[in-house]
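Take a look at the model below before reading on.

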Amino acid sequence: MSTSEFAPESGEYEPLVAPAHKVYPKKVDGEFRRIKWGIQLLTLAIYYLLPFVRWHRGANEPTQAVLLDLPHRRFYFFFIEIWPQEVYYITGLLIIAALTLFLMNAVAGRIWCGYMCPQTVWTDLYLMTERWIEGDARDRIRKDAGPWTAQKIREKSAKYLLWLLIAWWTGGAWVLYFADAPTLVHNLVTFAPGSGEAYMWIGIFTFTTFVFAGVMREGVCLHMCPWPRIQAALTDEYALNVTYRFDRGEPRESFKHATALRAKGLPAGDCVDCGQCVAVCPTGVDIRQGASLGCIQCGLCIDACDSVMEKVGRAPRLIAYDTEMNIKARSCGQPAVYKPIRVRTVFYAVLILAIGGFMIYTLATRDNLHLNVLHDRNPLTVRLSDGGVRNAYTIRISNMKPETRRFALDIAGAQGAQVEVVGADKDAQGRFIVEVGADQTREARVLLTMHGVHADKAPLAVDFTAHEIDTDKSISSRDVFLWP
Amino acid sequence: MSVDKLNETKVRIDEHSGVPTTGHEWDGIEELNTPLPRWWVWTFAATVVWGTAYCVVYPAWPLLHGATEGVLGWHSRAAVVQDIADLQTTRAPILAKIKDAPIGSIEKNPELLAAARTVGRVAFLNNCAACHGAGAQGAKGYPNLNDDDWVWGGKLRDIQTTIEHGVRWDADKDTRAGAMPAFGRDGILTPQQISDVADYVRTMADLPDALAPEPAGEKLYEENCAACHGSEGKGNPDVGAPSLFDAIWLYGSDKPTIVNRINQGGGGVMPAWKGRLDETTIKALTVYVHSLGGGQ
C-alpha cells in the first residue's frame, strides 16, 4: 500500500479520513496457487466434516471423535479424554502451536499466514465466490465504479447471499463441536426447543465470518493481527521469504526497451514493470519495494511473475522464496546459501519434539484414578465431650474410567483413631466401601476421632488410600491429623 | 494574520512518509497530519450506533425517580428472578427426591447425600453462619455443631425439630422450651450458696483447677439442679439441660462464668425456621448439620 495517496492535491484541503483503499486481487494460476487450493480444500474439509467423525469409547460415552462437552466439563479428542484439572494439556498444545509457528517462520517465513490461517482460507473462498459471480478484478473495478444497473444489483445480491450462506454454514459447523453433531443438526433443522443458544452462536459466527472474510479481508492482517509484528521480530537472515530478486530485476524496463538494450549489449533488468505481482496480491502489496508487514507471503505474485517471465522468454522465479542475503551474495559473485537446518530451527524442532513427546508420555501413562484429600479448615479440630479430638476431611475420588468402580478406604498413620465415613457402609473386613460411578467424582466425608486425653501434640501424618476392590490398583494421598 | 494563514505557510508534505504536516513546529519538530484510518472511523460510527441503540433498548438515562425503561422492558431484578426460577427448574428433580425420601435414608444414598449437603451448606451459610460460624464451629453461647455435645439432641429428628421450631422462640408454640431459673437474680440462692454450687459443678466435671467443694454445694445441687441436669450432671436433652460432666462448655468453664450462669439462668435463643425455609431446605440443612461429624 503506497502512502503517497494520502498526499493532498495541490490547493485542496487534506482529507480528514484516509481515502478508500480497496484491493481487487486478480485471478492467477500456477504452482503456488495449486498448493493453496489443495491446502484450502483440506482445511475446509477438516473444519466442516470433523464433527461428524465417530469414535467408539464404550457405553455411556459420547461417540463423537472431537467434542467439547462444556456442560459436563469434558474434552474428547479421538482416544484422549481431558478433565478440567488436566487443562495443562491444552497449555502444552498451545505451546507446541506457538513453537510450530516459530519453526515455520524460521524456515520459510509466514507459511501460516499465506496458506493455513483461517482468515486467508475463508477470504480466498469468498474471493473465489466473488470472482465466479462478478468476474475477475478488471470487471469488478469497472462494475463498482459504474452506475447501479439491474445486473449489478442482481450480481451483488447473489454474491452477498452466497457469502451469507457460507458464513452461516461456517457458524453452523462451529457449534457442532460443542454437542453431538447429528443430534444437533436434527434439532436445528426441526427447530427443537432448547436450541436457541445454538442459533445465537451460529448467528454470531455467521456475522464474524461475513465481516472478516467478506468486508475486512486484508484489513484483519494489516490492522488487527499481532502475528506480523511478532514474526518480524523473530525472523533472521536465513529465513526464506517471498522476495523480489532486485539484482535480476533492476533496472526495470518495458519489454521493447529491454530487448533493444540487450541487442546493443547493454544491461537491462528482467522486470518488465507489468504490475502483475501487485494485481494478484490479496493484500495489495508491491513486493518489489522489499519485505513488508502487509505481505502474507502466499506466493501468488511468484505465479503471476513466472507466467510473465515465460511469455517474455526470461528465466522464471524473478520473485521467489529467497533471502536478501543471497541476493547480495549473488550480486558480489558469491554462491547463494540455503540453510534450513541451523541452530534456531534445530532448537525449535527439538523443543517441539520434547514437549510433544512429554505430553504423549504423560497422556499414555496418566492415571485414570485420582484421590484428593482436603482437611477441614474451619474448624481445624473439634474438641469432643470426653476430651478427645476429631479432625474432619473431605476426600474426592475421581474415576476416569467409563465403568463404575468400588474402592475400600484404608487410613493409616493415626494410631488408635476411630474412623467414620459419612454415608459409607463397611464390608466384612470392616473397611469402608465407596462406590464411584462411571466417569465421575465422588466426595465423601471422613472423620478421624482420637478418644480420651492425649499428651502428644505433634501433628500426625495420615495416609489415605483407596484400594480398588476388583483389581490390585490403589491410590494414596497424605494429610495431617492436628491437635487443638 | 489568522492562525490558518499562519499554518498554511508552514504546511508541507513530509518527504519521508508522504503525509502533510499540520504546520505546527517546535524546535524543528513537526507534527504529521495523518488522516484517520477508515476502519477506525467505521468502528467509531459503529460504537455510536450501538450506544444509541443500547440507550433506546435498555434502561439507560437516570431520571429523578428511576430511569428510562428501554423498549425491551428488560429489568435486572426480573433477570435475577428468571435465573432463580431456571435454577429451581434444574434442581427440581433432585429436590423432589430429597423431599420424598425419609430423612434417615438420605445419608445412605450417595447422590442424595451429595445434593443435600450442597443445598444444606448454602442454606447454612445464608441463615445459620451468622451465629454458628461459617464452619459451624460455634462461639461463646452458640453451640459448635461439629462436636458430639448436643443441648437438644443430635439425632436427625432432633436436629430437624430444633431447626423447624427454634429454641425459646416464643412465636412458635412448639419451640424448644426449657428455662433455667435465675437463681441469683430472683433470690432463690444466696451468693455464697451459688459459689458453693459452682465449686461443686467444677469438681463434678473434674476440671483441673477445681477447688474442693463445701459439703453444702452437693446438697444444694441435688435440691436445685439435679432435676434437669441429672445427679451425675449428664444433662437432659429433652429439656435442653446441657451436660455438666464433659469437656465442652458453651459459655466457658471458669468459675465466674458458671456463677454468672447460675445467677442469670435462662439460655440461648434460636429462631424457628419453619415457614421461612421450605421443607426440603430444612431437610437438607438437617442432613448437612448431621454430617458435619457430631450427628448421632
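## Helices that cross

In chain A, helix α4(A) packs against helix α8 (residues 196-216) at an angle of about 75 degrees, and their axes are 8 Å apart. The model is a predicted one. At that angle, α4(A) is roughly perpendicular to α8(A). Which residues meet here? From α4(A) come Gln119(A), Trp122(A), Thr123(A) and Tyr126(A), and they meet Thr209(A), Phe212(A), Ala213(A) and Gly214(A) in α8(A). Sorted by class, this contact of α4(A) with α8(A) has four nonpolar residues, four polar ones and no charged ones.

Helix α3 (residues 76-100) of chain B packs against α4(B) at about 100 degrees, with axes 10 Å apart. The pair α3(B) and α4(B) is therefore roughly perpendicular. On the α3(B) side are Ile94(B), Lys97(B) and Ile98(B), which meet Leu112(B), Ala115(B) and Ala116(B) of α4(B). The contact of α3(B) with α4(B) has five nonpolar residues, no polar residues and one charged residue.

## Chain A as a whole

Chain A has 16 helices and 15 strands. Is its overall form compact or spread out? The radius of gyration of chain A is 33 Å, while the globule rule gives 23 Å for 484 residues, so chain A is more spread out than a compact globule. Along its principal axes, the C-alpha trace of chain A spans about 115 × 60 × 50 Å. Buried residues make up 26% of the 484 residues in chain A. Now take the contacts in chain A between residues at least 6 apart in sequence. Of these, 67% join residues at least 24 apart.

Chain A is divided into domain 1 (17-234), domain 2 (241-331) and domain 3 (369-481). The C-alpha centres of domain 1 and domain 2 of chain A lie 32 Å apart. Their contact takes 24 residues from domain 1 of chain A and 21 residues from domain 2 of chain A. On the domain 1 side, the elements giving two or more residues are α1 (31-49), α3 (111-116), α4 (118-134), α9 (218-224) and α10 (227-234) of chain A. The largest share of that side, four residues, comes from α1(A). By class, the domain 1 side divides into twelve nonpolar, five polar and seven charged residues.

The domain assignment of chain B gives domain 1 (1-51), domain 2 (93-174 + 276-291) and domain 3 (191-264). In chain B, the C-alpha centres of domain 1 and domain 2 are separated by 71 Å.

How many residues does each chain bring to the contact between them? Chain B gives 31 residues and chain A gives 30 residues. On the chain B side, α2 (38-57) and α4 (110-127) of chain B each supply at least two residues. That side of chain B has 14 nonpolar, ten polar and seven charged residues.

Now pick out one residue of chain B. Phe245(B) sits in the loop between α9 (226-229) and α10 (255-264) of chain B. With 18 other C-beta atoms within 10 Å, Phe245(B) is partly exposed. Leaving aside residues up to four places away in sequence, Phe245(B) touches Met204(B), Ala205(B), Glu232(B), Gly233(B) and Lys234(B). Val269(B) is 24 residues from Phe245(B) along the chain, and their C-alpha atoms are separated by 23 Å.

## Backbone details

| Peptide bond | Omega |
|---|---|
| Glu250(A) to Pro251(A) | about -5 degrees |
| Asn378(A) to Pro379(A) | near 0 degrees |

Pro251(A) is in the loop between α11 (246-249) and α12 (255-263) of chain A. Pro379(A) is in the loop between β6 (369-375) and β7 (382-383) of chain A.

Next come positive phi angles. Asp273(A) is not a glycine, yet its phi is positive, about 55 degrees. Asp273(A) lies in the loop between α12 and α13 (276-279) of chain A. With 15 C-beta neighbours inside 10 Å, Asp273(A) counts as partly exposed.

In chain B, Asp206(B) has a positive phi near 65 degrees, and it is a residue other than glycine. Its place is the loop between α7 (191-204) and α8 (215-224) of chain B. Is Asp206(B) buried or exposed? Asp206(B) counts as exposed, with 11 C-beta neighbours inside 10 Å.

Key. Residues are numbered from 1 along each chain as its sequence is written. Chains are lettered from A and ligands numbered from 1 in the order in which they are written. This is a predicted model: local features need pLDDT of at least 70, side-chain atom pairs count only at pLDDT 80 or more; totals for chains, interfaces and linings use all residues. Domain bounds come from an automatic or database domain assignment. Two residues are in contact if their C-beta atoms, placed from the backbone, lie within 7 Å. Ala, Val, Leu, Ile, Met, Phe, Trp, Tyr, Cys and Pro count as nonpolar, Asp, Glu, Lys and Arg as charged, and the others, Gly among them, as polar. The radius of gyration is taken over C-alpha atoms; the globule rule is 2.2 Å times the number of residues to the power 0.38. A residue is buried if 20 or more other C-beta atoms lie within 10 Å of its own, exposed if 12 or fewer, and partly exposed in between; C-beta atoms are placed from the backbone. Axes are lines fitted to C-alpha atoms, for helices over the stretch in contact, and angles run from 0 to 180 degrees between N-to-C directions. Angles under 35 degrees count as roughly parallel, over 145 as roughly antiparallel, 65 to 115 as roughly perpendicular and the rest as oblique.
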